[in-house]
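User: I would like to go through this structure step by step. Could we start with the charged side chains and move on from there?

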Amino acid sequence: MNIRTLLIAAFTLTLLISCNTKQKTIDQLTNLTEDLKANSQDYTEQEWQEVDKQLEQINIELDKYQNQYTDAEKEHIGKLKGTCLWYETQHSVKNLKQGMKDAVKEAKGMIEGFTDAASDK
């Protein structure tokens, strides 16, 4: 083989690996989105933390290939990210509601303790 053939083969291999990696990242985001749709209502807090880590890693990878994505791919990625954001927001709202309920219960107990102590004096 001559040098030219080797250079063409190396370039082609690099291009194939690059396309495979950029598509792999989209596939990971697609899989995560589908899992959120199907299972997020049953996620534990630890599983939500894992989702956050996965999304962070996927976003890092997407940023690496941002200039290689077509407009259609960018739109698809945006749609997937939007879906993930919706499920994460639902989880956050659920946690906020529970936190508010707990705070109200604690405040009620605090007021009772305060009035009990005040009436003892």
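**Salt bridges, packing and burial**

Analyst: The count of salt bridges comes to two. Please note that this is a predicted model.

User: Which side chain does E73 meet in a salt bridge?

Analyst: E73 meets the side chain of K22, with a distance of 3.4 Å from N to O.

User: Are E73 and K22 buried or exposed?

Analyst: Both E73 and K22 are buried.

User: And what about E61, which residue is its partner?

Analyst: E61 forms a salt bridge with K64, and their closest N and O atoms are 3.0 Å apart. Both residues lie in helix 2 (residues 45–64), where three residues, about one turn of the helix, separate them.

User: Why does E61 count as buried?

Analyst: The cut-off for buried is under 20% relative accessible area. E61 has 16% relative accessibility, so E61 counts as buried.

User: And K64, buried or exposed?

Analyst: K64 counts as exposed, because its relative accessibility is 51% and exposed means over 50%.

User: Why can such side chains pair at all?

Analyst: In general, side chains of opposite charge can pair when their charged atoms come close.

User: Let us change topic. How many helices and strands does the protein have?

Analyst: The protein has three helices and zero strands. Along the sequence, the pattern reads α-α-α.

User: At what angle do the axes of helix 2 and helix 3 cross?

Analyst: The axes cross at roughly 155° and come within 12 Å of each other. That angle makes helix 2 roughly antiparallel to helix 3, since angles over 145 degrees count as roughly antiparallel.

User: Is that crossing left-handed or right-handed?

Analyst: The crossing of helix 2 and helix 3 is left-handed.

User: Which residues meet there?

Analyst: On the side of helix 2, the residues are E45, W48, V51, D52, L55, N59 and L62. They meet I77, K81, C84, Y87, E88, H91 and N95 of helix 3. The residues of this contact divide into seven nonpolar, three polar and four charged.

User: V51 is in that list, so tell me where it lies: buried or exposed?

Analyst: V51 is placed in helix 2. Its relative accessibility is 3%, so V51 counts as buried.

User: Now the loop between helix 2 and helix 3: where does Y69 lie, and is it buried or exposed?

Analyst: Y69 lies in that loop. Y69 is buried, with a relative accessible area of 4%.

User: Which residues does Y69 touch?

Analyst: Not counting residues up to four places away in sequence, Y69 touches K22, T25, I26, L62, K74 and I77. Y69 and K22 are 47 residues apart in sequence, while their C-alpha atoms are 8.1 Å apart in space. K22 is also the residue that forms a salt bridge with E73.

User: Finally, what share of the protein counts as buried?

Analyst: Of the 121 residues, 21% count as buried. Among contacts between residues at least 6 apart in sequence, 76% join residues at least 24 apart.

Methods
Residues are numbered from 1 along each chain as its sequence is written. This is a predicted model: local features need pLDDT of at least 70, side-chain atom pairs count only at pLDDT 80 or more; totals for chains, interfaces and linings use all residues. Side-chain values use heavy atoms; hydrogens and water are left out. A salt bridge is a side-chain nitrogen of Lys or Arg within 4 Å of a carboxyl oxygen of Asp or Glu. Buried means under 20% relative accessible area, exposed over 50%, partly exposed in between (1.4 Å probe, protein chains only). Helices (H or I, at least four residues) and strands (E, at least two) are DSSP runs, numbered from the N terminus. Axes are lines fitted to C-alpha atoms, for helices over the stretch in contact, and angles run from 0 to 180 degrees between N-to-C directions. Angles under 35 degrees count as roughly parallel, over 145 as roughly antiparallel, 65 to 115 as roughly perpendicular and the rest as oblique. A crossing is left-handed if the near helix is turned anticlockwise from the far one by less than a right angle, and right-handed if clockwise. Contact means heavy atoms within 4.5 Å. Ala, Val, Leu, Ile, Met, Phe, Trp, Tyr, Cys and Pro count as nonpolar, Asp, Glu, Lys and Arg as charged, and the others, Gly among them, as polar.
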